[in-house]
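User: I'd like to learn how to read a structure like this one, feature by feature. Could we go through it together?

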Amino acid sequence: MSGGRRSAIVALATPPRPAERAILRLSGPDLAATLAQDGLPAGLASAWAATAGQRGVQAWEWSWLPGILIPVELWCFPGPQSATGEDVLEFHLPGSLPVVRALEAALLQASGLDPAEAGEFTRRAFLNGVLDLTQAEAVQALVQAQDTAEVEAAAALLGGALGADLQQTRDALAEAMVQIEAGLDFEEGDSQDLRPGEIASSLDRARAALARGRAESEARRVRHEGRFRIGLVGAPNAGKTALFRRLTGVEALVADEKGTTRDRLEAAWPDERALDRWMLADGPGRAADASDARDHAAQARARQADHFDFVVYVVDGSDPRAQLPEAIAATPGLTVFSKADRPRAVEQRVLEQAQQRGAVLWLSSEAGTGLEPLAEAVGAAERARHQQRGASARASVRHQEALRRAAESVEAAAALDEVGGHQDLVAEELRAALRALAELVGEFTPEDLLDQLFSSFCVGK
Ligand SMILES: Nc1nc2c(ncn2[C@@H]2O[C@H](COP(=O)(O)OP(=O)(O)O)[C@@H](O)[C@H]2O)c(=O)[nH]1
Ligand SMILES: [Mg+2]
């Protein structure tokens with residue numbers, strides 16, 4: 001998609017099916033010139049001109065075929081006060097597909113008038129500063145919303161829910177930049193260090209506004225997405241609890257006694273890769289469940305906890321009698337052979353079965369080896385799930401990520417300022433924070449991200 005294209009574009013803005021009304025939408029930088037070309041339907045240019053730069057509705061009749069006049073309302077929105085920031089003209093006409101397609105084809109006779117690509121109207125709105133990127137995403141999220149929560153989140157975003165906090169953060173950071181620059185001028189370059197706390201009050205305001213923005217964004221995300229639940233599944237003594245403890249840092253009983261872990265434990269597994277909060281569940285092995293048939297509560301918990309987004313099957317790699325746990329249907333997962341610090345003793349047949357099922361890793365909770373590939377695999381599974389989810393979920397992950405980077409830089413700047421940091425370093429952190437926020441609203445965004453976003457719109461939006 002060519003971002004800087006300056007031609008006019010046209011597309012059907014209503015669903016392509018028979019209806020009482022259809023709307024063809026046209027947007028271009030100078031519709032007076034576009035519509036004045038030879039070969040276009042008669043009377044169009046004069047109808048547009050009759051609005052004299054004001055919004056308004058003009059009645060027009062299009063002589064489609066000899067003896068057939070189609071009544072059309074022309075809704076005129078001269079730029080820049082339009083949805084795209086350009087001149088916008090909407091044709092409201094009877095929703096007969098042959099008629100609508102014929103009018104579209106007649107308009108496309110004009111040079112410099114092309115069919116719109118997917119999302120191109122919204123893209124133009126973004127490029128012309130009518131919407132920032134978070135709002136453009138909200139348009140998409142609204143169009144693609146699958147449930148009420150998604151509609152609410154998108155509507156809040158479209159209304160600029162993040163905007164005020166972001167603007168205040170940016171103002172405060174810019175002010176801190178100015179203070180640093182001023183310091184440079186007046187101290188005649190003899191000192192490169194800021195006095196401790198020199199920009200503390202600006203940074204405090206930036207922090208407070210950023211924290212509000214993050215809380216707002218986080219609140220919406222949690223309501224909307226929840227968590228990524230990872231289950232540790234395996235026989236008693238396989239090493240689940242040791243792994244759980246290693247990954248979550250939460251103390252739990254690890255013992256040689258089979259079936260020691262009686263209560264299902266669940267705790268956050270903190271990892272930088274996490275898009276949602278990773279929750280790791282440890283529990284009794286399935287054999288323990290079976291042998292404990294009287295404990296209905298434990299069984300109920302076990303069943304409930306089987307609603308995992310991802311399963312880590314834990315098999316004791318040092319045990320020649322170890323078997324693969326039963327697979328949980330329709331849930332992605334991988335097999336982990338535990339206790340890799342001990343000699344491998346698991347049967348070759350079991351290893352092959354595991355490989356047929358999917359990815360296999362060796363790790364040791366005791367030695368701390370093999371944990372990184374496990375986190376990487378979970379991260380990949382979460383990203384894959386994420387690809388399949390709604391537009392607003394994707395957008396909120398992008399926001400969280402940008403806000404997190406901005407907050408990191410602000411904290412780094414604050415730490416430097418507290419002790420009286422080197423001003424170049426402080427300025428660099430401030431710039432990094434400002435850059436993250438500029439990316440968030442789309443002032444500084446790689447072209448491919450824009451292509452990815454707008455091309456997933458439907459044509460006519
Ligand atoms: N050498 C070694 N022993 C381990 C490792 N992980 C667990 N164990 C031991 O294996 C036994 C069972 O571990 P546990 O985590 O309680 O298994 P669970 O029943 O699956 O929860 C305990 O004695 C652990 O100390 C490991 O990585 N290396
Ligand atoms: Mg256990």
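**Reading the model**

Analyst: Let's start with a helix: α14 (residues 391–419) has 29 residues and spans 43 Å from first to last C-alpha, close to the 42 Å expected at 1.5 Å a residue. The expected span is 1.5 Å times one less than the number of residues. Helices (H or I, at least four residues) and strands (E, at least two) are DSSP runs, numbered from the N terminus. Just after α14, Gly 420 has a positive phi of about 85 degrees.

User: What should I know about the model and the numbering?

Analyst: This is a predicted model, where local features need pLDDT of at least 70, side-chain atom pairs count only at pLDDT 80 or more, and totals for chains, interfaces and linings use all residues. Residues are numbered from 1 along each chain as its sequence is written, chains are lettered from A and ligands numbered from 1 in the order in which they are written, and side-chain values use heavy atoms, with hydrogens and water left out.

User: How many helices and strands does the protein have?

Analyst: There are 16 helices and 12 strands. Of its 461 residues, 46% count as buried; buried means under 20% relative accessible area, exposed over 50%, and partly exposed in between (1.4 Å probe, protein chains only). The accessible surface comes to about 22100 Å², and 52% of that belongs to carbon and sulfur atoms. Those areas come from the Shrake-Rupley method with a 1.4 Å probe; for residues, only the protein chains shown count as cover. As for contacts (heavy atoms within 4.5 Å), residues 24 or more positions apart make up 66% of those with a separation of 6 or more.

User: How do I read a sheet?

Analyst: Strands of a sheet pair through backbone hydrogen bonds, either parallel or antiparallel. Two strands count as paired if DSSP finds at least two bridges between them. Here, six strands form an open sheet in the order β3-β4-β5-β2-β1-β6, with mixed pairing. At the edges stand β3 (56–65) and β6 (113–115), each with a single partner strand, so one side of each has no neighbour in the sheet. On average, neighbouring strands of this sheet are turned by 25 degrees against each other, direction ignored.

User: Which strand does β3 pair with, and in which sense?

Analyst: β3 pairs with β4 (residues 68–77) in the antiparallel sense, over nine bridges. For one pair to look up, Ala 59 has Glu 73 in β4 as its bridge partner.

User: What about salt bridges?

Analyst: Side chains of opposite charge can pair when their charged atoms come close. The cut-off is a side-chain nitrogen of Lys or Arg within 4 Å of a carboxyl oxygen of Asp or Glu, and a search of the whole structure finds 25 salt bridges. In one of them, the side chains of Arg 207 and Glu 411 meet at 2.7 Å, N to O. Arg 207 is in helix α8 (residues 200–225) and Glu 411 in α14, so this pair ties together parts 204 residues apart in sequence. Arg 207 is partly exposed at 30% relative accessibility, and Glu 411 is partly exposed at 38%.

User: Which residue does Glu 439 form a salt bridge with?

Analyst: Glu 439 pairs with Arg 405, their closest N and O atoms being 3.0 Å apart. Since Glu 439 lies in helix α15 (residues 423–441) and Arg 405 in α14, the pair ties together parts 34 residues apart in sequence. Both belong to a network of salt bridges that links Glu 272, Glu 401, Arg 404, Arg 405, Glu 408 and Glu 439.

How values were computed. Axes are lines fitted to C-alpha atoms, for helices over the stretch in contact, and angles run from 0 to 180 degrees between N-to-C directions.
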